[in-house]
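Reader: I'd like to walk through this one with you. Could you take my questions in turn and show how you get to each answer?

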Amino acid sequence: MNKKTTCKYCDSTNVVKYGTHEGIQRYWCKDCKRKFADNKALPEMKTPISHISSALSCYFGGMPLDAIQRHLQQQFGVYYSEMGIYNWVKRFAKEAIDRVKDFKPIAGDTWIADETVLKVGGKNIWFFDVIDEKTRYLLASRLSSTRTTKDAALVLNEAKRIAGKLPKRIITDKLAAYVDGIEYVFGADTEHIQSRPFAVENNTQMIERFHETFKQRTKVMRGLKNIETAHDFVDGWLVHYNYLRPHTALDDKTPAEVVGIDYPYGNWADVTRHKPSKPVVTQFNTYYVWRNLNNIIFDIMN
């Protein structure tokens, strides 16, 4: 061989040619005993990384699936089904989520909490989130069919867990659920500031601008079909927002860079190139088990 071919599964160079398929050379790894194709696709996938990462960037950048489908066909001359493209989104969003769930941002002392309504399966679902005022890092989010004290407390408690600290002050709108929720989670150590309409300071405009961008994206999707797809999209969007999308107001840095997180991936292409160290489904289920336990613990304590 003129070039040194490495196994896509174990990175071994102890490989031999193993015939061709549709004009693509295949190899056999003598160490891990697996076959793989000599192309730019990931292990156990036929699609090149460039096609998948382009689809992910388009999706979280605001394009609907049918437009992404046309874009890929024009750019690469290959037809992919909308379901196939969406399956890429689900798979790699989950992998991206798993890689960021243990990061600890260096958050500031002022946080902003707010909520907005989304259409999920034709019903109204509330999207709660908490953002760090200084860095614009989105600390936590929650989808719920209600706007209760429990919902406010759960998203606030998640923000506290992620940041590893209490804020000195938190700004919210006039939703009554925040009053008891903040007292329950933060106690008297955190000042609660309820924003007034048109206030120059201590307002929720930053997070409301985020909501406007977020809701414009969900409109392009023609609505979220069910709570599962909503969770997939919301969690993937937060990775995109915090770690991959530079912000003009942050001197073209990502919120993750500003809070001191050394995230090794600069775009979706970097994410898709990474080989997960263990099955993604197991990791993602663990994430949701933690979320459900958080709900149960709150109910027990109340």
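**Strands, helices and cysteines**

Author: Let's begin with strand β5, which is mostly covered, with seven of its 10 residues buried. Bear in mind that this is a predicted model.

Reader: What is the strand order of the open sheet of five strands?

Author: The pairing in this sheet is mixed. β6 (138-144) and β8 (191-194) each have a single partner strand, so they stand at the edges. From one strand to the next, the twist averages 20 degrees. Reading across, the order is β6-β5-β4-β7-β8.

Reader: How many bridges pair β4 and β5?

Author: These two strands form a hairpin with two residues between them, and glycine 121 in the turn has a positive phi of about 60 degrees. β4 and β5 pair in the antiparallel sense, and the number of bridges is 10.

Reader: At about what angle to β6 does helix α4 run?

Author: Helix α4 (residues 149-163) packs on the sheet, where it touches β4 (110-120), β5, β6 and β7 (169-172). Its direction and that of β6 make an angle of about 155 degrees.

Reader: Which strands does α7 lie across?

Author: α7 covers residues 227-244. This helix runs at about 170 degrees to β6. The strands it lies across are β4, β5 and β6.

Reader: Is histidine 240 buried or exposed, and which side chain makes a polar contact with its side chain?

Author: Histidine 240 sits in helix α7. Its relative accessibility is 10%, and the cut-off for buried is under 20%, so histidine 240 counts as buried. Leaving aside residues up to four places away in sequence, histidine 240 touches Phe60, Gly61, Arg245 and Trp268. The polar contact, at 3.3 Å, is with the side chain of tryptophan 268.

Reader: How far apart are the axes of helix α1 and helix α2?

Author: α1 (residues 49-61) and α2 (residues 65-76) pack at an angle of about 145 degrees, and their crossing is right-handed. On the α1 side the contact includes His51, Cys58 and Tyr59, and on the α2 side it includes Leu65, His71 and Phe76. The distance between the axes is 10 Å.

Reader: Is cysteine 58 buried or exposed?

Author: Cysteine 58 is one of the α1 residues in the contact with α2. Its relative accessible area is 12%, under the 20% cut-off, so cysteine 58 is buried.

Reader: How many disulfides does a search of the whole structure find?

Author: A pair of cysteine sulfurs has to lie within 2.5 Å to count. The search of the whole structure comes back with zero.

Reader: Then which cysteine has the sulfur nearest to that of cysteine 29?

Author: Cysteine 29 is in no disulfide. At 0% relative accessibility, cysteine 29 counts as buried. The nearest cysteine sulfur is 3.6 Å away, and it belongs to cysteine 32.

Conventions
Residues numbered from 1 in each chain as written. Predicted model: local features only at pLDDT ≥ 70, side-chain atom pairs only at ≥ 80, totals over all residues. Heavy atoms only, no water. Buried < 20%, exposed > 50% of the residue type's maximum accessible area, 1.4 Å probe, protein only. Helix = DSSP H or I, 4+ residues; strand = E, 2+ residues; numbered from the N terminus. Polar contact = N/O pair within 3.5 Å; in protein donor to acceptor, adjacent residues only side chain to side chain. Contact = heavy atoms within 4.5 Å. Pairing = 2+ DSSP bridges. Axes fitted to C-alpha atoms, helices over the stretch in contact; angles between N-to-C directions. Left-handed = near helix turned anticlockwise from the far one by under 90°.
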